[in-house]
Amino acid sequence: MTSKKDLSERDICTKYIQPALEKAGWNLQTQIREEVTFTDGRIHVRGNLTSRGKKKRADYILYYKPNIPIAIIEAKDNKHSVNAGIQQGLNYAEILDIPSVYSSNGDGFYEHDRTCTDGRIETELNLDKFPSPETLWQRYKKYKGITTEAQERITTQDYFFDGSGRAPRYYQQIAINRTVEAIAKGQNRILLTMATGTGKTYAAFQIIHRLWKSNTKKRILFLADRNVLIDQARGNDFRHFKDKMTVIKQKKIDKSYEIYLALYQGLTNYDEDKDAYREFSPDFFDLIVIDECHRGSAAEDSAWREILTYFSTATHIGLTATPKETDSVSSAEYFGDPIYTYSLKQGIQDGFLAPYKVLRISLNVDLEGWRPEKGKTDKQGLLVDDRIYNRTDFDRNLVIDERTEIVARKVTEFLKKTNRFDKTIIFCVDIDHAQRMRAAIADENSDLMAQNSKFVMQITGDNDEGKRELDNFINPAEKYPVIATTSKLMTTGVDAQTCKLIVLDSNIGSMTEFKQIIGRGTRINEDFGKRFFTIMDFRGVTDLFADPAFDGDPVRVKELGQDDEFESPEDELEANEPITDEDGDEIIFVPPADDPGIIDGGDIVAEPREKYYVNGVNVAVLNERIQYMDGNGKLITGSLKNYTRQKVREQYQSLDDFLRKWNQADKKQAIINELVGQGIVFESLKEAINKEMDIFDMICHAAFDQPPLTRAERVNNVKKRDYFTQYGEQARKVLEALLDKYADEGIENIEDMKILQVKPLNEFGSPLEIVKLFGGKMQYLKALAELEKEIYAA
């Protein structure tokens with residue numbers, strides 16, 4: 001009879017843990033989930049290759065109802081103690097917002113009660129004493145502060161299921177549950193902060209649906225500031241509201257619906273007597289959800305504020321990737337602290353968002369400035385002011401044709417090295433700059449423009465042809481347009497899943513706008529090969545990555561109080577994000593010359609700022625540098641060699657320590673993967689060292705200052721030692737072929753059994769026939785280990 005100590009962890013789950021749960025009253029079909037994977041595994045990038053890191057997986061999650069998790073169990077085999085899994089369980093419970101944590105080895109359960117603040121927080125239980133669902137639900141209610149039957153009825157309202165099997169990710173589940181719980185307890189101003197690309201709209205739909213179905217909120221308004229945000233919501237998640245939902249258009253109001261989607265511009269006329277939202281009574285809506293609320297809920301545009309103030313009795317939920325606070329938008333907090341934050345950094349670590357690398361390109365005129373010679377006139381004959389122009393002036397006050405051309409050339413060179421049909425967004429200073437950049441890109445890619453004139457398109461608020469192509473640009477299945485030049489129109493709300501290159505040629509001082517722009521690249525689309533993206537920076541904008549605000553604690557959205565002052569109109573126009581009309585067109589506010597900041601007669605007038613346009617200037621690249629993310633999601637700012645040295649020495653105390661572990665490893669790939677997980681980018685390190693060598697030599701050279709050997713040199717050393725004579729003729733030829741493969745491709749590939757299926761090794765027979773030449777698989781693996789030992793012999 002098999003001893004309990006000999007049973008695997010799976011056997012312990014099947015024979016002991018699961019029967020104990022069912023005996024305690026847990027429903028196997030609806031309340032118990034086994035081996036729950038809740039992250040996708042971080043994506044690691046090597047050159048243009050990617051691999052997934054380890055996924056987080058809980059052995060058991062127990063639910064009171066679907067998507068309301070109330071307990072977690074970590075299982076171990078019986079060689080471990082009963083409490084061996086408790087720390088891992090606690091780690092997962094903190095991530096998943098679960099109050100009850102258990103560890104089990106099949107002998108019993110070890111419990112940790114996260115609601116306990118007085119007395120025994122941990123207890124050992126017999127196998128037949130596991131708590132019932134009702135017991136742990138009471139504990140969950142205590143954890144969440146649910147105290148009344150009405151609160152319980154709302155918080156247990158079912159999620160919407162469409163039969164497709166789609167379920168919320170763990171962070172969406174937390175955001176949805178916390179919001180519904182907060183509203184059930186009477187909170188009326190709520191902020192959710194979720195990074196771009198993490199599914200805020202889906203979370204909003206589930207929140208609205210649960211509150212609507214439970215009759216907590218009967219009439220609901222979903223507000224956004226871009227048509228594309230409304231269209232995406234209506235066509236995707238919100239479509240399930242069917243005939244109960246309407247989109248407010250042309251300011252026409254029909255009060256017979258329950259769910260309303262609207263642009264805030266579609267509810268206002270900038271004229272108090274004509275504002276469309278006033279056709280509703282102030283208490284018409286029970287709930288207002290404000291998408292991308294960082295753009296308008298505070299001081300930038302009073303239209304948002306007017307709507308929210310008018311419907312002040314409703315519950316307001318703000319959704320944002322980038323809550324903001326500025327000196328002027330301050331004093332009285334509007335939403336308060338976020339009830340949940342899911343950051344870009346966490347999304348990348350979990351493998352739900354794409355990592356990125358940064359290519360910084362410095363131009364001479366940007367770093368050194370440019371001063372016109374005396375009497376210099378521009379292309380229109382205007383005398384250019386005699387001063388030093390720098391990066392903040394270019395394309396805003398002064399245009400240098402050669403600068404635009406070199407940016408277009410570098411973008412094209414990069415795409416030629418990677419893939420010329422990778423979707424690319426180029427962010428420009430303004431519409432004029434986007435127009436000129438489109439022309440420069442077209443000139444650099446005349447061969448592809450001849451195949452399709454939509455290879456590059458200007459997509460800006462004033463360009464109807466470009467805006468019509470926006471849907472095609474963001475559609476992964478559409479090949480064209482490939483490159484979009486834009487100024488502000490594509491900073492938010494554009495779900496560009498396959499965008500692989502973001503080019504920054506605009507002076508972005510706002511952290512909010514910067515986060516939104518980076519968010520254009522963070523979505524993953526495995527079907528179309530999008531697992532990471534590159535940021536090409538011509539303006540030093542990526543210095544903002546070093547700002548603690550980039551991925552530190554989210555700042556708050558602030559409401560402007562009665563006694564607070566706005567920024568001056570000039571500052572607002574310079575610093576703040578664009579305002580768009582009902583069709584999503586960018587509105588450019590230009591004050592009359594005699595009264596800065598006042599819009600005469602309510603009309604909005606667009607007038608270009610005077611610029612100088614010059615050419616004949618020597619523009620050159622002074623410096624190019626690639627930066628990568630480390631294991632904590634921060635950019636590596638020093639040299640890759642120094643970073644590698646630091647990370648290897650954190651793992652291995654000395655060269656002898658590394659050599660011992662390398663030689664003892666059954667597969668060298670395991671050590672390589674461990675170091676890749678620390679953020680070491682071997683492909684880029686090889687480029688930095690500029691010498692063809694094995695990863696082993698790269699590590700020894702970078703971390704321990706050892707003189708490196710090339711793979712070819714290592715192969716020659718093996719051949720000189722006449723090592724193969726101990727094997728038969730055919731087996732010897734297989735090892736020689738493996739050695740040649742090592743010389744060409746490195747150690748990682750020859751450790752994979754699949755190598756036996758490719759040329760020239762498949763010429764010796766099938767993998768089964770090849771291993772028989774050595775006497776079987778074990779003997780083949782032993783011979784391979786001996787070969788590796790010879791390769792790395794001193």
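Reader: Happy to start with a sheet: which residue is the bridge partner of L223 in strand 12?

Author: Good place to begin, and please keep in mind that this is a predicted model. Strand 10 (residues 220-224) and strand 12 (residues 259-263) run parallel and are joined by 5 bridges. In strand 12, L223 is partnered by A262.

Reader: Which strands does helix 7 touch, and what angle does its direction make with that of strand 12?

Author: Helix 7 (residues 227-235) packs on the sheet, where it touches strand 10, strand 11 and strand 12. Relative to the direction of strand 12, the direction of helix 7 makes an angle of about 155 degrees.

Reader: Which are the edge strands of this open sheet?

Author: The sheet is open, its 7 strands are paired in parallel, and their order is 11-12-10-13-14-9-16. From one strand to the next, the twist averages 15 degrees. Two strands pair on one side only, and these edge strands are strand 11 (245-247) and strand 16 (340-342).

Reader: Now to the helices: is helix 23 roughly parallel or antiparallel to helix 24?

Author: The axes of helix 23 (residues 711-720) and helix 24 (residues 729-745) come within 8 Å and cross at roughly 160 degrees. Angles over 145 degrees count as roughly antiparallel. Therefore helix 23 is, relative to helix 24, roughly antiparallel.

Reader: And how many residues of that contact of helix 23 with helix 24 are charged?

Author: On the helix 23 side are R711, R714, V715, V718 and K719, which meet L739, D740, Y742, A743, D744 and E745 of helix 24. Of these contact residues, 5 are nonpolar, none are polar, and the charged ones number 6.

Notes. Residues are numbered from 1 along each chain as its sequence is written. This is a predicted model: local features need pLDDT of at least 70, side-chain atom pairs count only at pLDDT 80 or more; totals for chains, interfaces and linings use all residues. Side-chain values use heavy atoms; hydrogens and water are left out. Axes are lines fitted to C-alpha atoms, for helices over the stretch in contact, and angles run from 0 to 180 degrees between N-to-C directions. Helices (H or I, at least four residues) and strands (E, at least two) are DSSP runs, numbered from the N terminus. Angles under 35 degrees count as roughly parallel, over 145 as roughly antiparallel, 65 to 115 as roughly perpendicular and the rest as oblique. Contact means heavy atoms within 4.5 Å. Ala, Val, Leu, Ile, Met, Phe, Trp, Tyr, Cys and Pro count as nonpolar, Asp, Glu, Lys and Arg as charged, and the others, Gly among them, as polar. Two strands pair if DSSP finds at least two bridges between them.
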